[in-house]
Amino acid sequence: MSDSCEYPDFFARFYDVIYDQVRNDADHDYFLNKMLKVKGPVLEVGVGTGRFFIKALNRGVDIFGIDLSPSMIKILKDKLPQKEHQRVCVQDLCKLDLNRKFDLIIAPFRVFMHIISVEDQLQALNKVYEHLVPNGQFIFDLFVPNLKMLLEGLDNFNDFEGEYKPGKKLKRYSSMQADLVNQISHVTFKLVWDEDGKEISKEWNTDLRFFFRYEIEHLINQSKLELVKICGDFEENELNQNSKEFIVVCKRSS
Ligand SMILES: C[S@@+](CC[C@H](N)C(=O)[O-])C[C@H]1O[C@@H](n2cnc3c(N)ncnc32)[C@H](O)[C@@H]1O
C-alpha cells in the first residue's frame, strides 16, 4: 500500500468541512439506514473522521471502525469519549485483523478505490469475508467512470469554497489526469485557507483506481464473497446509462 493512500494531516483537518457539504446529501441516509437495520455489530472500513460512525453510535449501533490514515483516526477519536476509543483503530483493510465478526461491513465513499492492485483488492475482499458472520453483507460504493472527464482531465478545478471557522476561508482545487491503460486517476487536491492573517496552500497527490461494471463482477466472483447486486444509485435503482454510482452489495453465503 503506497503512502499516497494515507490522508495527510492538513487534509484530515478540513475533511468534515468539505465533505459534510459536498457528500452528505448523496450517501448519508443510505448507509445510516443500512446500519440501523442490523441487530449485530457493524464495521466501517475506511471510517475516516466518523462522518457516519458518530451518528450510528449515538443511535445505538454497535459500530467499530478501522482506517489506514492515523490523521483521520485521530480526528475521530477526538470526537469520542475515552470509553469508546477501543471501537476504532488504524489498520489497512488488506490486512484486516480484528478479533470479532460483523453482521454488516461497509466501506462508504470510494474507500475501495484507494486499493490499486488486483492482488490487494482480492485480499481486502477475502479479509472482509473472514470478518462477516454467515449471511452478513459487505456494501461499498465506487464511481462509474465518466469517460469524457477521464479523457479531458481536470486542471485546478475549484470544487469547494466555504469557511472552516467564521471569517476563515477555505477553498479546494482538484486536478486529475487519467492513466486509461492502468485504470488509475492521478488526483491532486490543493487546499487554500486563511491562517494567522496569511493564505496557506498545500497539495496532496493520490491515486484512485476506477472500475467498470463487469470487472467488479469478475473480481467479486474471484473472491470468497458472493455478489448480491450492483445498483446504480443510493435508492438501489438498477444500473442504467445515467448511473453515476456503483453501489456494490455482497454477502458471505456460508
Ligand atoms: C474518502 S474517505 C471516506 C471516509 C468515510 N468512510 C466517509 O464516508 O466519510 C476514504 C478513507 O479510506 C481510508 N482508506 C484508504 N485506503 C484504505 C485501506 N487500504 N484500509 C483502510 N482504510 C483505507 C482513507 O484513509 C480515508 O480515511
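The shell around the ligand is made up of 12 nonpolar, 5 polar and 4 charged residues; Ala, Val, Leu, Ile, Met, Phe, Trp, Tyr, Cys and Pro count as nonpolar, Asp, Glu, Lys and Arg as charged, and the others, Gly among them, as polar. The model is predicted: local features need pLDDT of at least 70, side-chain atom pairs count only at pLDDT 80 or more, and totals for chains, interfaces and linings use all residues. Residues are numbered from 1 along each chain as its sequence is written, and side-chain values use heavy atoms, with hydrogens and water left out.

**Ligand**

- The ligand is surrounded by 21 residues, each with a heavy atom within 4 Å of it.
- The closest of these residues are Tyr15, Gly46, Arg51, Asp67 and Ser69.
- The protein buries 99% of the 600 Å² that the ligand exposes when taken alone (Shrake-Rupley method, 1.4 Å probe).
- A polar backbone atom of leucine 68 is 3.1 Å from a nitrogen atom of the ligand.

**Aspartate 27**

- Aspartate 27 sits in helix H2, residues 24-37 (a DSSP run of H or I, at least four residues, numbered from the N terminus).
- Aspartate 27 counts as buried because its relative accessibility is 0% (buried means under 20% relative accessible area, 1.4 Å probe, protein chains only).
- The side chains of aspartate 27 and arginine 23 form a polar contact of 3.1 Å (a pair of N or O atoms within 3.5 Å, one able to donate a hydrogen and the other to accept it; residues adjacent in sequence count only if both atoms are side-chain atoms).
- Beyond its neighbours within four places in sequence, aspartate 27 is in contact (heavy atoms within 4.5 Å) with Arg51, Phe52, Phe109 and Phe234.

Key: Helices (H or I, at least four residues) and strands (E, at least two) are DSSP runs, numbered from the N terminus. Buried means under 20% relative accessible area, exposed over 50%, partly exposed in between (1.4 Å probe, protein chains only).
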